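Trainee: Could you take me closely through the space enclosed inside this model, and then through the packing around it? I would like the residues named.

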Amino acid sequence: MSSVMGDKIKLSVFGESHGAAIGCVIDGFPAGITLDDEKIKRDMQRRAPGRDKTATARKEADEPIILSGILNGKTTGAPIAMQILNTNTKSGDYANLALVPRPSHSDYPAFVKCGGNNDIRGGGHFSGRLTAPIVFAGALAKQALEEKGVKIAAHIKQIGSVSDDCFEKNNISEELLDKLAANSFGTISAEKEIEMRAEIEKARLDGDSVGGIIECAAIGVPAGFGGNMLSTVEGRLASALFGIPAVKGVEFGAGFGFADTLGSEANDEYEVSGGRVALKSNNNGGVLGGITSGAPIVFSVAIKPTPSISKPQQSVNLETMKNETLVISGRHDPCIVPRAVPVVEAMAALTLLDIIL
């Protein structure tokens, strides 16, 4: 298996959910980037477990230990190596899963691929815990992008039956993105956060889980980056975003909404604004022909409900080859969507920085 992404900047993620540590190595990151530790810490805390009632009760500090590549708060140009210690594991919760795969998890495909040698504890290398190093790398990428005038943030667009306001795709302010990036439960509408929390609590009390949608935006990306056909901006972003556990759908701009619109309604017309070519609308989400158009890059990501739920589920025993009822114990998120927001931002930042470089 490979856990490496990128071209100019390569990110390699290592570790397992219940191993000694998780971490990453970043090759090719530009030298001389001044890093704000507080921004890195903020993103790590937004993703970290055990900090909100909507998340798993597993508490991890998720404090990155820098091994190389950063000196006196600046990147040196050398490979950046970082690790995060796992300090609150309960591997016994997974003892009954070695031969009885959890529905909608990687357990069975990984068992087949690895010949039964896969680490089942907490999902091993398939666990959402492996997104912590991605958030660290993305926090660095976001700061490098900000030096180039690019800013990225996301919000919870939907949880269950509750929907937030959407981005105005052609008019997204830095102030709004800063507000979202500072919130651990990022919504545009404060009222919708209350309703979403109630939706999550309802699922938790019922021993169930709920999914949702995250909408992300990048502003300040100039026109002309990317390529056609097999090197499109959408393709590279989608490839990275599908690397996030639980992501099952990605759409750009109006996405599947194009299916029931006319060309006259969907087309993004041009105008001269401030002496520059600009788009009058942004239904295509900032990408045309696979190349950035200069408008905000806007995309949405669908997150499936957390597969680990308390309700009895039907599975099979891989040793006896008989049907078996499975009851999952342990600590799990009734909704992974809030913690996935900074992960989506991180993947977008790493991909766009790689493209721009």
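**The cavity and the packed elements**

Mentor: The largest cavity is lined by Arg102, Ser106, Asp107, Ala110, Asn118, Asp119, Ile120, Gly123 and Phe126. Keep in mind that this is a predicted model. The space inside that cavity comes to about 30 Å³, and the structure holds 1 cavity of 30 Å³ or more. Sorted by class, the cavity lining is made of 3 nonpolar, 3 polar and 3 charged residues.

The second largest pocket is an open space, with a volume of about 460 Å³. It has 19 lining residues, and those closest to its centre are Val277, Ala278, Leu279, Gly294 and Ala295. Two elements give two or more residues to this lining: strand 12 (270-273) and strand 13 (276-279). Strand 13 provides the largest share, with 4 residues. By class, the pocket lining divides into 11 nonpolar, 6 polar and 2 charged residues.

Next, the helices. In helix 4, which spans residues 174-181, the buried residues are Leu177, Leu180 and Ala181. These three lie on the same side of helix 4, because the arc they cover around the axis is only 95°. Among the elements that cover them are helix 1 (37-47), strand 8 (151-159) and strand 10 (212-219).

Helix 6, at residues 233-241, has Val233, Leu237, Ala238, Ala240 and Leu241 buried. Here the arc around the axis is only 160°, so these residues too are placed on the same side of their helix. The cover over the buried residues of helix 6 includes strand 1 (4-5), strand 11, strand 14 (287-288), strand 15 (291-292), strand 16 and helix 8 (337-356).

Phe252 belongs to strand 11 (residues 247-252) and Phe299 to strand 16 (residues 297-303), so the pair ties together parts that are 47 residues apart in sequence. The cut-off for buried is under 20%.

With a relative accessible area of 46%, Thr325 is partly exposed. Leaving out residues up to four places away in sequence, Thr325 touches Pro312, Gln313 and Gln314. The C-alpha atom of Thr325 is also 5.9 Å from that of Ser315, which is 10 residues away along the chain.

To return to your request, the part to look at is the cavity with Arg102, Asp107 and Asp119 among its lining residues. Its volume is about 30 Å³, whereas about 460 Å³ lies in the second largest pocket.

Methods
Residues are numbered from 1 along each chain as its sequence is written. This is a predicted model: local features need pLDDT of at least 70, side-chain atom pairs count only at pLDDT 80 or more; totals for chains, interfaces and linings use all residues. Side-chain values use heavy atoms; hydrogens and water are left out. Buried means under 20% relative accessible area, exposed over 50%, partly exposed in between (1.4 Å probe, protein chains only). The arc is that of the directions from the helix axis to the C-beta atoms. Contact means heavy atoms within 4.5 Å. On a 1 Å grid over the protein atoms alone, a cavity is a set of points where a 1.4 Å probe fits but cannot get out, and a pocket is an open set with protein on both sides within 12 Å along at least five of seven lines; lining residues have an atom within 4 Å of a point. Grid points are joined across faces, edges and corners, and a volume is the space filled by probe spheres set on the points. Ala, Val, Leu, Ile, Met, Phe, Trp, Tyr, Cys and Pro count as nonpolar, Asp, Glu, Lys and Arg as charged, and the others, Gly among them, as polar.
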